[in-house]
Amino acid sequence: MTFADGVWHQIFSFQDYGELLALVRNSLVAGAALGLVGGLAGVFVMMRDLPFAVHGISELSFAGASAALLLGTDIVAGSILGSLLAAGTIGILGARARDRNSVIGIIMPFGLGLGVLFLALYKGRAANKFGLLTGQIVAVDTPQMAWLLGTSAVVVSALAVMWRPLSFASADPDVAEARGVPVRTLSFAFMLVLGLSVALSVQVVGALLVLSLVVTPAAAAARVTASPVLLPALSVLFAVLAIEGGILLALGGSIPISPYVTTVSFTIYVVCRLVERQKTKARRKLTPCHS
């Protein structure tokens with residue numbers, strides 16, 4: 001076997017694929033739920049210009065999961081607690097964009113440093129450490145499944161309740177506040193919901209690549225539509241395709257799931273950019289020139 005063949009076999013291997021597929025039923029169900037959460041939350045992340053906040057929250061989520069791993073408690077619960085602490089801090093201290101970015105810039109290295117400290121103290125399997133950074137959804141067990149599905153239901157329910165006023169507040173906060181919409185309360189509530197969404201997404205692609213699940217699908221959808229109905233629908237579709245495609249591609253290989261998820265997500269974004277370019281060219285051809 002040549003070097004190229006060996007690398008290819010590590011990345012893509014479909015030997016005994018049918019038997020392996022039966023082992024990831026929980027992962028596929030959890031992936032669909034997380035795609036729904038990431039796709040819906042991502043719409044408001046883009047509207048409110050919060051991609052940097054997603055990355056900041058993921059670092060504290062990583063720290064919480066690392067602490068849970070060290071203490072021998074539930075990793076998903078630790079990840080959620082870390083995310084909520086980060087999201088709450090950003091929501092309270094970062095009301096304005098400039099303040100928010102400063103707070104995030106402080107939280108990110110602190111969270112990453114704590115996470116590295118906890119992992120250095122942990123003496124268990126190295127795979128568990130690596131999984132927090134690169135994702136490990138292929139190994140979802142029943143307790144994790146309950147956490148993931150339960151938290152996903154909370155996030156989706158919260159977004160459903162606040163969707164219309166949050167859309168108004170995100171599009172024009174000054175006018176929304178003048179009309180009695182509780183803009184600050186909604187902003188803080190969404191940060192907590194975003195914290196839960198990030199904690200769940202960290203379970204898929206790890207703390208370092210969470211943007212590919214919470215940001216990229218919504219950014220791709222925004223390239224091809226501005227419809228308030230079609231945009232979230234496409235965002236969810238793209239997120240689910242990225243997760244499920246990543247799981248199915250990673251199943252036979254021997255490397256973590258995150259490169260597959262991020263590659264599928266990025267490919268969808270590139271395709272949407274190309275579609276947007278073609279639509280722009282078509283509109284220009286149809287627009288009459290005025291002398």
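The patch is formed by Leu70, Leu71, Leu117 and Leu121 and covers about 380 Å². Patch members have over 30% relative accessible area and no salt bridge, with nonpolar side chains (Val, Leu, Ile, Met, Phe, Trp, Tyr) joined within 5 Å and like charges within 9 Å. A salt bridge is a side-chain nitrogen of Lys or Arg within 4 Å of a carboxyl oxygen of Asp or Glu.

Leu117 lies in helix H6. Leu117 is classed as partly exposed because its relative accessibility is 44%, where buried means under 20% relative accessible area, exposed over 50%, and partly exposed in between (1.4 Å probe, protein chains only).

## Basis of the model and overall fold

This is a predicted model, in which local features require pLDDT of at least 70 and side-chain atom pairs pLDDT 80 or more, while totals for chains, interfaces and linings use all residues. Residues are numbered from 1 along each chain as its sequence is written, and side-chain values use heavy atoms, leaving out hydrogens and water.

The protein contains 14 helices and 0 strands. Of its 291 residues, 46% are buried. Among contacts (heavy atoms within 4.5 Å) between residues at least 6 apart in sequence, 77% join residues at least 24 apart.

## Nonpolar cores

The largest nonpolar core has 66 residues, of which Val45, Val54, Ile57, Phe190, Met191 and Leu194 touch the most other members. Such a core is a set of buried Ala, Val, Leu, Ile, Met, Phe, Trp, Tyr and Cys residues joined through side-chain atoms within 4.5 Å. Helix H10 (residues 183–205) provides the largest share of this core, 12 residues. A second, separate core of 7 residues includes Phe62, Leu69, Ile75 and Leu119.

Beyond its neighbours within four places in sequence, Phe190 contacts Ala41, Phe44, Val45, Arg48, Leu50, Leu159, Met162 and Leu166.

## Helices H12 and H3

In helix H12 (residues 216–224), 7 of the 9 residues are buried, namely Thr216, Pro217, Ala218, Ala219, Ala220, Ala221 and Val224. These buried residues pack against helix H3 (25–47), helix H11 (211–214), helix H13 (230–250) and helix H14 (258–286).

H3 has 23 residues and spans 34 Å from its first C-alpha to its last, close to the 33 Å expected at 1.5 Å a residue; the expected span is 1.5 Å times one less than the number of residues. Just after H3, Asp49 adopts a positive phi of about 55°.

Thr151 is located in helix H8 (residues 142–171). Thr151 counts as buried because its relative accessibility is 8%. Not counting residues up to four places away in sequence, Thr151 touches Ile80, Leu196 and Leu200.

Ala207 sits in the loop between H10 and H11 and is buried, with a relative accessible area of 0%. Its C-alpha atom is separated by 9.4 Å from that of Leu112, 95 residues apart along the chain.

Key:
Helices (H or I, at least four residues) and strands (E, at least two) are DSSP runs, numbered from the N terminus. Accessible areas come from the Shrake-Rupley method with a 1.4 Å probe; for residues, only the protein chains shown count as cover.
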